[in-house]
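Good morning, everyone, and thank you for letting me talk through a model with you. Please have a look at the sequence and the structure first, and then we will go through some details together.

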Amino acid sequence: MENNNRKPVVEIENLVTKYGDRVVLNNISTSFFKSEIRVILGTSGCGKTTLLKSIIGLLKPYSGRIRIFGTEISDQDDPSTLDVLKKIGVLFQNGALLGSLTVQENVALPLQMHTNLPDSIIREIVRLKLAQVDLPHAAELYPGELSGGMRKRAALARALALDPPLLFCDEPSAGLDPVTSAGLDDLLLKLRMMLGITVVVVTHELFSIEKIADNITFLHKGSLLFDGPLAEALKYKEGPVCDFFKRHEPDLNKGVTCTTDFNLEFSG
Amino acid sequence: MKIRTQKNSGEHNPVIIPAFLDLDWVSKSDLLSGKKDHTLVLDFSETKKIDSAGMSFIHLLHSLHQKSGGKLILKDLSPDLLKNLQSWSPTAAKQTGKKKSENFLVRTGDAVLSFKDTALGALSILTEMLYWGTFGLLEKRDIKKGALGEQMYQLGYKAFGIVGLLSLLIGIVLALQTAMQLRVFGAGVFLAPLVGITMVREMGPLLTAIILAGRTGSATTAEIATMVVGEEIDALQTMGINPIQFTVVPKFWAISITMPILSIMGTAAGILGGYFVALLYLDLSSSLFWNELGKSLAMKDIFAGFIKSVVFSWLIIWIGSFYGFKVRGGAEAVGKETTASVVTGIFIIIIADALFSFIL
């Protein structure tokens with residue numbers, strides 16, 4: 001990728017995030033660029049979701065800086081932060097749709113809160129967004145009446161309501177069957193192609209990674225181990241990056257032999 | 001740490017381990033009890049298999065002997081079983097949780113710090129609720145259209161029946177108990193001022209507040225806590241929507257408006273209960289009851305009742321919201337916080353009522 005010629009959309013410098021005294025993210029520095037699909041990956045508990053939450057301002061960094069569109073995220077009610085938040089969409093792992101509102105009310109919410117558009121236009125935009133995610137018949141349903149895949153697509157429609165140039169997705173495939181999961185991946189690719197948006201996806205699903213990732217950010221035990229194109233990551237012959245790809249999906253790594261293995265010791 | 005193994009040692013009386021060292025054998029064994037400062041030999045010559053309980057048993061015996069200066073010898077343990085034993089060490093798991101100190105001062109300090117955090121959290125919710133519900137509305141208005149009306153319907157209108165009925169019944173009980181004593185002294189006429197002042201100043205606002213603390217307080221906590229657990233609050237934040245304004249402020253205004261109305265209605269129902277008792281039990285005339293009531297009630301009593309009902313309404317929403325946002329965990333935590341919210345709400349309301357008795 002010709003990242004050097006492009007302006008970063010998200011810049012992370014020496015990020016350290018802690019839960020109490022426990023360091024969850026240790027000195028992470030990376031940048032995400034316009035119109036790329038960046039996949040943050042690693043094994044469970046490596047800090048993927050923590051990194052995502054730190055970027056979108058839900059977790060306060062212990063130290064380091066995060067800038068989105070050149071603006072440092074601070075207090076949620078700060079006007080500059082608010083301007084940035086209007087430019088991002090977030091698809092949460094379980095959708096996080098407001099249970100008391102119907103699907104169309106959920107999708108309309110950001111439009112009602114942040115624009116002065118007349119209700120008729122908002123209704124039209126909602127219909128368009130629901131059509132984009134292939135959910136035109138679920139407008140009147142409540143989140144509790146939707147299947148897992150439908151809930152995620154509805155949440156994606158809400159995340160895209162304001163046409164954000166930057167979209168974050170936290171494990172979009174989690175809990176979905178392979179067909180629905182692949183459909184969601186297709187949708188992300190289509191959105192990137194049609195709208196040119198930057199997509200940051202947290203996942204450990206190798207099928208998804210292979211299909212959508214331009215670049216990957218590989219975390220291991222809270223540290224950044226690899227940051228770059230997927231093809232480069234696959235060249236690793238040993239270590240956690242190699243272990244991750246080999247153990248998860250042999251087909252992706254034909255011919256690659258990892259030299260490391262679990263090293264279990266008996267100690268007390 | 002290394003496991004000591006021995007082949008064909010005859011120095012000590014070995015304990016013969018069965019072919020399958022399993023949960024049943026471990027649960028019947030008394031090897032874990034008693035002092036471990038001696039040498040214990042376990043004879044594995046017949047053993048072919050060890051399950052998880054067996055492995056944990058050996059590891060525990062080993063660490064107990066090590067601590068007490070004793071020795072554990074595993075005799076004739078096959079290389080395969082030894083390998084398994086070494087690979088599945090329960091002690092290899094890292095201890096992540098902090099060890100709780102039993103020191104009194106440390107525990108007191110922890111309790112004080114925890115109380116400080118809770119108090120700061122509660123104050124933060126109170127200030128945010130008051131700010132975003134008043135001056136903050138000039139800055140931004142993250143309130144869904146029609147939310148105030150919907151909340152007034154839910155918190156106020158739907159509580160109308162229960163508040164009215166309970167107040168009427170309390171009024172009847174209060175009047176009846178008093179009337180029995182007053183009749184002995186021929187002072188039945190004093191029932192009207194007694195019921196009137198009690199209901200207007202105390203029982204009306206207090207009873208309404210207690211009913212709403214149970215009804216609205218629990219609903220507020222459960223709703224917000226579920227939103228926290230389901231990441232809905234996070235979603236609002238990432239959409240640039242202020243969660244306090246979106247979830248709490250409509251409830252704050254709805255209860256501020258409806259609670260005094262409910263309190264007035266509850267007071268009226270209670271007085272009506274007293275009126276029925278005066279009429280049917282004390283044989284007082286209607287005009288005498290209302291005349292005596294009118295004479296005894298002062299503006300300051302009505303004012304005190306009104307102020308109380310407004311303050312109680314804020315307390316209910318504040319405590320309900322605080323416990324809602326405080327939730328950490330899953331469905332069980334939602335239940336716990338909801339219970340805590342109702343109990344604390346009623347407790348704080350009664351304390352506030354006691355304080356008001358001195359002030360107003």
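Predicted model: local features only at pLDDT ≥ 70, side-chain atom pairs only at ≥ 80, totals over all residues.

Let me now go back along the helix itself, which is helix H6 of chain A, residues 178-195.

Within H6(A), the residues Ser181(A), Leu184(A), Asp185(A) and Leu188(A) are buried. If you look down the axis of H6(A), these buried residues fall within an arc of 100 degrees, so they line one face of the helix. As background, an α-helix has 3.6 residues a turn, so residues three or four places apart point the same way. The buried residues of H6(A) are covered by elements of chain A that include strand E3, helix H5, strand E8 and helix H7. On the face turned away from the buried side, H6(A) carries the exposed residues Val179(A), Asp186(A), Lys190(A), Met193(A) and Met194(A).

Let us turn to chain B. Here helix H4 (residues 104-133) and helix H10 (residues 243-280) pack at an angle of about 80 degrees, with their axes 9 Å apart, and H4(B) and H10(B) are therefore roughly perpendicular to each other. In this contact, residues of H4(B) including Met129(B) and Trp132(B) meet residues of H10(B), among them Val248(B) and Phe252(B). By class, the contact of H4(B) with H10(B) has seven nonpolar, two polar and one charged residues.

Conventions: Residues numbered from 1 in each chain as written. Chains lettered and ligands numbered in written order. Helix = DSSP H or I, 4+ residues; strand = E, 2+ residues; numbered from the N terminus. Expected span 1.5 Å × (residues − 1). Buried ≥ 20, exposed ≤ 12 C-beta atoms within 10 Å, placed from the backbone. Arc of directions from axis to C-beta. Contact = placed C-beta atoms within 7 Å. Axes fitted to C-alpha atoms, helices over the stretch in contact; angles between N-to-C directions. Parallel < 35°, antiparallel > 145°, perpendicular 65-115°, else oblique. Nonpolar A, V, L, I, M, F, W, Y, C, P; charged D, E, K, R; others polar.
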